[in-house]
Each structure stands twice: as C-alpha cells, then as structure tokens.
Amino acid sequence: MDGLRSMAQLVALAEEGNFRRAAERLGVTHSALSQAIARIEGAYGVILFERSRRGVRPTAYGRRLVEGARAALTAVLEAERDVEMMRDMRSGRLAVGADPAVAEPILGAAAAQLMRDYPGLAVSVRACCWRRMADALRAGEIDVHFGLAPDRPPSEVRLSAFALTPPVAVARAGNPLTRAPVAAAELFAGPVLCFDAPGWVFARLGAAHPAALPDPSRAREVVTTVQDMALLRRMALAGEAACIMPGAAAAEDLAAGRLARISLAEGPLFPGPLDAVAAMLETRPPPPAALALVRRVRRALGGAARARRAG
C-alpha cells in the first residue's frame, strides 16, 4: 500500500503541477506531500520534479516514473473492480445484443473469456442490428449492445466508443479485380456486396471516392447490402462479385487464400477505422457483467491494435 500511495503522489503532482493542489487532491498537507516526494527522489537518487515560479514539472526521470505509476494504478483499479464484480457475478444472467457486422471480430473472444472467469454467469448473445439497438435496450431484451455507431445518438442510451479495423474490398481468389490495383470506378462498376451499415459508413465511403461515387448520399444505392455476415462471406466465396466487409471478418479467408484483397489505385478503400460503440441504457444501472464485458472487449481491441502497430 505504501508503494501505491507513492505512485498516487507522483501522478497527482505531475497532473496538478502544483504541490498545494496535489496535496488537496490527495487529502494531505502540503508539507506531507513535499516530504514524501523528497523521500522518493532520495530513494531513486535523481531529481524527479523541477520546481520554479511557474509550477512543478517532472524531469525526464520523473516523466518515465509517472508513466509507469499511472499504468500501475490503472491496473490496480481494474483488479479492484474485478474483485467487486466477482462478488456480484457468481450467478446471474447477461443478455447481449450484437450487430452482425461487428459480432465476429470483437465479441467472440471477450464473451468466452467472461464465461471462463465467471462460470456461474449465464450469457446469451442475440443478433441485433444497429436499427433495433435502442428499442431492445429500452424493452429490457438486452443489457448491452455492441455494434456500429448509429447515425444519431438515441435518447436514454449511453454510448462508449471504440475503433475497429476499416472495411476492405475482397473477392474470390483469382477474380481479375484482385490481380493489380484497380480504379475505384472499376470496382463499383460491377456487382458489389456490402455489409449493412448506418448511413455515415456509406457517406464516408462516397466522400473518399468522389470520381466513382459522385453523390455520397447515394453511395448505398450502388451496392447490395447483406445483413448476415455468414451469408455475405458465402456469397463472396461462391460468386464473382466484389465484397466490402470488415477487415477482421475477412481475415481468416484472406489468410487461407480463399479470398484476395482488391487494391485501389487511389489508395485505401475506407478512410480510417470503423466507429463502433457499446451501448447501455442511461436510465437503468448497468449490470456489473455488462461493464466487465465492455472492458474485456476494449482490452482485446487495444491488444489487437498494438499487435498491428508492432507488425
């Protein structure tokens, strides 16, 4: 506990930049905090904070130590929350809604981990597209929903945002579109299948390729949308149409060589990641299991992002 207290003191002083404000935040006296920081500096044998009239700023040594302290405190806080949830999650039920477009890439591993951690918890997952999300939450049919961000935030619903890998254009291996970079106009000239999505997805797609899709508001009309991801995948594998789908959903078939990427001469198909959300009802306290699942999804996505950057 003394180590945690020292970490909290370092973080508070670095964030407040002032001994008095940091001491008030920690509930100690200015003198007690000053002595504590001096002891920490003495233990490490380096100056951790520069004092001046303009305030207190961490040195290079201090910044590195504060960075580690902040990460350690976050990990301890998450562990404490897990302990609290374990008391409430020995039994019970959690109803999860999942947009088919994002269920496979984000939910499977996180939900499986939750059930391993809490074997007495009964978890049910139902397909629920972004159009039905708010109604299902209000009716109590689901406790939490994972899906693409809606065009407009619905009332009484709290959204927690996270990012998914951008969609990709693929086709069955051997399709002429996969042999060399093609113009976007050539891609959209033929039949194109696409996962069903809110309007902002198609508007962003159209804005990224104005020559091929001169009216972004009508980009949805150029493609054939499919709600079921398994059906979309089968259609891509069985036919000659190009297919736009979330990158994570296509990863296995791309790795196996059953599908191949379609590269565009103009650059990436989609500008940046897909905006996804976890949604819970504002007017009802969220079940601890729902919060635990959201944290596991976010942790899994953060790990995947770090792995992509390292690669």
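What pLDDT does the protein average, and what share of the residues score at least 70? The average is 86, and 92% of the residues score at least 70. Here pLDDT is the predictor's confidence in each residue, from 0 to 100.

This is a predicted model: local features need pLDDT of at least 70, side-chain atom pairs count only at pLDDT 80 or more, and totals for chains, interfaces and linings use all residues. Residues are numbered from 1 along each chain as its sequence is written, and side-chain values use heavy atoms, with hydrogens and water left out.

**Figure 1. Confidence by element.** Helices (H or I, at least four residues) and strands (E, at least two) are DSSP runs, numbered from the N terminus. Mean confidence is highest in strand 11 (residues 259-261), at 95. Helix 12 has the lowest mean, 69. Residues 303-311 have a pLDDT below 50. Beyond near neighbours in sequence, this stretch makes one contact in the model; contact means heavy atoms within 4.5 Å. Where pLDDT is low, predicted coordinates should not be read in detail.

**Figure 2. The largest nonpolar core.** A nonpolar core is a set of buried Ala, Val, Leu, Ile, Met, Phe, Trp, Tyr and Cys residues joined through side-chain atoms within 4.5 Å. Buried means under 20% relative accessible area, exposed over 50%, and partly exposed in between (1.4 Å probe, protein chains only). The largest core holds 69 residues. Phe 146, Phe 188, Phe 195 and Leu 293 touch the most other members. Helix 12 (residues 288-310) gives the most to this core, seven residues. A further core of 15 residues lies apart from it, with Val 11, Ala 12, Phe 19 and Val 66 among its members.

**Figure 3. Surroundings of Phe 188.** Residues up to four places away in sequence are not counted here. Phe 188 touches Leu 205, Ala 212, Leu 213, Val 222, Val 223, Ile 244 and Leu 269.

**Figure 4. Helix 2 and its ends.** Phe 19, Ala 22 and Ala 23 are buried in helix 2 (residues 19-26). They lie on the same side of helix 2, because they cover an arc of only 100 degrees around the axis. The arc is that of the directions from the helix axis to the C-beta atoms. The buried residues of helix 2 pack against helix 1 (2-16), helix 3 (30-44), strand 1 (49-52) and strand 2 (55-58). At the N-terminal end, Asn 18 is the cap: a side-chain oxygen lies 2.8 Å from the backbone nitrogen of Arg 20. Just after helix 2, Gly 27 has a positive phi of about 75 degrees.

**Figure 5. Asp 196 in its loop.** Asp 196 sits between strand 8 (192-195) and helix 9 (199-208). Its relative accessibility is 8%, so Asp 196 counts as buried. Its side chain makes a polar contact with the side chain of Gln 227, at 3.4 Å. A polar contact is a pair of N or O atoms within 3.5 Å; within protein, one must be able to donate a hydrogen and the other to accept it, and residues adjacent in sequence count only if both atoms are side-chain atoms. Residues touched by Asp 196 include Trp 130, Arg 131 and Arg 220.

**Figure 6. Cysteines without disulfides.** A disulfide is a pair of cysteine sulfur atoms within 2.5 Å. The count by this rule is zero. The sulfur of Cys 128 is 6.3 Å from the closest cysteine sulfur, in Cys 129, too far for a bond. Cys 194 is in no disulfide either; the nearest cysteine sulfur, that of Cys 243, is 7.5 Å away. Cys 128 is buried at 4% relative accessibility, and Cys 194 is buried at 2%.
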